Amino acid sequence: MTTAQTEVLRATREQQTVLGATLADAFSDDPVFAWLLPDDDKREERRRTFFTSIARSYLRRDKHAYVAGDGAGAALWAAPGAWRLPQSEVLRETPSSVKAFGRNLPRALRLLMQVEGLHPKEPKHWYLGYVGVAAQHRNQGVGGLLIHEVLRQADRDGVPAYLESSNERNLTLYKRHGFEVTRAYSVLDRGPTIWRMWREPRA
C-alpha cells in the first residue's frame, strides 16, 4: 500500500475496535507501554483493551478520530480547548482500565496525572493524543497522512498543535511536520522518557 492508495477518513463509532487494534499493534515496541506492562504474556491483549477503550472515549465525545485505509493507521486528536480527559470518562472506562493494566493500574493513573499536569494550558491548541501505524504498513507515509489531516486545518485557522512522544524513533517524523521538542522528562522520575513537542501554525 502506498500513500496514493491510502484514504484517511473520520472514524465512526463502529470502528472503535479497528482503531484499538491498529494502535495496539503500532505501540507494540513503545517504551512506556513496555514499562507499564512488563513481562506479561497478555501484553498484546492488554494494549488492545486499552486503546479500544481510549478510541471509544474519543468517539463518544465526538473527538477527531481518524483511520487510514482499512486500519493501516489511526490517529486520535482533540480539538482546541478539549484535550483534558473528564473524570466521568475515567470512571466510565475503569473496567477496561482494570482489564488492561491489572495491578499496574495505580502506576498508569499516576502517569496520566503527570502527563496531564505538564500539558500546556494556553494558548488553545490541537492535541495529538495518539497516532500509530500498523507494523506491516510502516515507512509508507501513512503516519504523515494522519498527522497532516488535522495540521491543514490548524494552519488554516492559525492554531498551534501539541503532542507527547514516548518513542524517540518518532521524533524525526514529528519534526518533519513542524513540531519541536520543548522538554523531555522521565516518567514518574524513574521510567522511560517522554518528549513534549509543540508546533506553531504555518502560513
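Select Arg-60 and Glu-89: their side chains meet in a salt bridge, with N to O at 2.7 Å. A salt bridge here is a side-chain nitrogen of Lys or Arg within 4 Å of a carboxyl oxygen of Asp or Glu. The pair links distant parts of the chain, as Arg-60 is in helix α3 (residues 43–60) and Glu-89 is in helix α4 (residues 87–92), 29 residues apart. Helices (H or I, at least four residues) and strands (E, at least two) are DSSP runs, numbered from the N terminus. Both Arg-60 and Glu-89 are buried; buried means under 20% relative accessible area, exposed over 50%, and partly exposed in between (1.4 Å probe, protein chains only).

This is a predicted model, in which local features need pLDDT of at least 70 and side-chain atom pairs count only at pLDDT 80 or more, while totals for chains, interfaces and linings use all residues. Residues are numbered from 1 along each chain as its sequence is written, and side-chain values use heavy atoms, with hydrogens and water left out.

Over the whole structure, a search finds nine salt bridges.

Next, go to helix α7 (residues 142–157) and select Arg-152 and Glu-149, which lie three residues apart there, about one turn of the helix. The two form a salt bridge, and their closest N and O atoms are 3.3 Å apart. Arg-152 is partly exposed, at a relative accessible area of 43%. Glu-149 also counts as partly exposed, at 24% relative accessibility.

Then select Asp-155 and Arg-199. Their salt bridge has its closest N and O atoms 2.7 Å apart. Asp-155 lies in helix α7 and Arg-199 in strand β7 (residues 193–199), so this pair ties together parts that are 44 residues apart in sequence. Is Arg-199 buried or exposed? Arg-199 is buried, with a relative accessible area of 2%, whereas Asp-155 counts as partly exposed at 22% relative accessibility.

The last stop is Pro-192, in the loop between β6 (180–186) and β7. Pro-192 counts as buried because its relative accessibility is 17%. Show the residues around Pro-192: leaving out those up to four places away in sequence, Pro-192 touches Pro-31, Val-32, Trp-35, Tyr-185, Ser-186 and Val-187. Contact means heavy atoms within 4.5 Å. To finish, draw a distance from Pro-192 to Ala-74, 118 residues apart along the chain; their C-alpha atoms are separated by 24 Å.
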